[in-house]
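Please keep the sequence and the structure in view while reading.

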Amino acid sequence: MYRLIRPLLFWLPAETSHRLTFALLGLIYHVPGASRLIRHFYARCTPALPVTVMGLRFPNPVGLAAGLDKNAQHMQPLSDFGFGWLELGTVTPRPQPGNPAPRLFRIPARHALINRMGFNNVGSEAFLNNLVRHGKPCLIGINIGKNKDTPLEQAAEDYLKGLRAAYLSADYVAVNISSPNTAGLRDLQNEENLDELLRTLKAEQALLAKTHGRYVPIALKIAPDVDAAQIAAIAELVLKHKFDAVIAANTTITRPGLEKFSVAGETGGLSGRPLKDASTAVIRQLYARLQGKVPIIGVGGIENADDAWEKLTAGADLVQIYTAFIYDGPVIVQEIVRGLEERVQMSGCRDFAEAVAKGRGRTKKQT
Ligand SMILES: Cc1cc2nc3c(=O)[nH]c(=O)nc-3n(C[C@H](O)[C@H](O)[C@H](O)COP(=O)(O)O)c2cc1C
């Protein structure tokens, strides 16, 4: 179905077609039974492949990456498409418009996107109202960021506000310090800044857990544009502060193999197929440092079960997709989960986690 209407959607500017798709879905969801019908074709055809990570039981290991549903407005259809969970946001404490349009560009020949959205979002209060009004249909991660006009020295304040606001509604909170579209944000990945930020957030998490009697895990989302020394430093700090997970990776400011595409000259973060190898390399190096003590959520250029398996055997415990969902439509979720289920069956293992562990052993021996 999606593949039929895709030429029309791709004929429109990228952001317009995004808006149009969700407006149409909104209309369809006013028809009684629409959600059930879509679930029937997508979520029900997605095999159960449960896995427990960060103390949460995910029905399958394929989630939606942050940035598609920034304002918690489309959870029901996205959940009906079969995702194991949804990561919403990035949401900032105060609403902000993001960068001027055009700010989203396609490179169809490479199944890639370049975006410089700049955390356009309704702010945490309206976001949480949306979440409550629509109701959580599945496990939800809430991805938090800082406002553009908050000076970097006060960034921790914004993340604290975000954590406090999201705490009771989220199944986990993702701390985004890796968007290339907020000036200076990635400086928070530097050792000294990161040490302080992680300490502050963990202290607040402990306080919130005590107050509310509920522990909500926090994950750190990092950029793919980090060298081996930076990865080692990030891993050390994540272990030191007992962060609950690392999400690798956000979009890249590099343009691998895209020299001949004029759109590659647009400022912003690149996602999709050309990001795949860089993201996998970061996961592999992170895993070598973390040794399974802190789970990794792998994201970047996953288009099929082979790509997902590559991320998992490189060290990821879960995977997320964004760009391939835009290019291939909702059916991609069940295709990936089905492909992973086949691998579990072929491995002769009892479950997904055991099959991944066995796959990692094999990959290590081969390399
Ligand atoms: C248009 C667009 C907007 C995005 N917005 C966010 C965001 O707000 N927060 C975030 O953490 N990541 C954001 N991302 C990054 C994705 O979550 C993901 O890390 C990245 O796209 C790599 O995955 P992919 O290759 O499957 O798209 C965005 C990506 C795209 C394409």
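## Nonpolar cores

A nonpolar core is a set of buried Ala, Val, Leu, Ile, Met, Phe, Trp, Tyr and Cys residues joined through side-chain atoms within 4.5 Å. Buried means under 20% relative accessible area, exposed over 50%, and partly exposed in between (1.4 Å probe, protein chains only). The model is predicted: local features need pLDDT of at least 70 and side-chain atom pairs count only at pLDDT 80 or more, while totals for chains, interfaces and linings use all residues. Residues are numbered from 1 along each chain as its sequence is written, and side-chain values use heavy atoms, with hydrogens and water left out.

Which members of the largest nonpolar core touch the most other members? They are I142, Y159, L220 and L286, in a core of 108 residues.

## Helix α1

Helices (H or I, at least four residues) and strands (E, at least two) are DSSP runs, numbered from the N terminus. Helix α1 covers residues 2–11, and its residues Y2, L9 and F10 are buried. Seen down the axis of α1, these buried residues fall within an arc of 90°, so they line one face of the helix; the arc is that of the directions from the helix axis to the C-beta atoms.

The face turned away from the buried side of α1 carries the exposed residues L4, P7 and W11. The cover over the buried residues of α1 includes α2 (14–28), β5 (104–107) and α11 (323–328).

## Pockets

On a 1 Å grid over the protein atoms alone, a pocket is an open set of points where a 1.4 Å probe fits, with protein on both sides within 12 Å along at least five of seven lines; lining residues have an atom within 4 Å of a point. Grid points are joined across faces, edges and corners, and a volume is the space filled by probe spheres set on the points.

The largest pocket has a volume of about 760 Å³. Of its 45 lining residues, A66, G67, L68, K70 and Y322 are the closest to its centre. Helix α2 gives the most to this lining, with four residues.

The second largest pocket has a volume of about 630 Å³. Its lining has 25 residues, and the closest to its centre are Y2, I5, T21, L25 and P330. Here too α2 gives the most, with eight residues.

Note on methods. Contact means heavy atoms within 4.5 Å.
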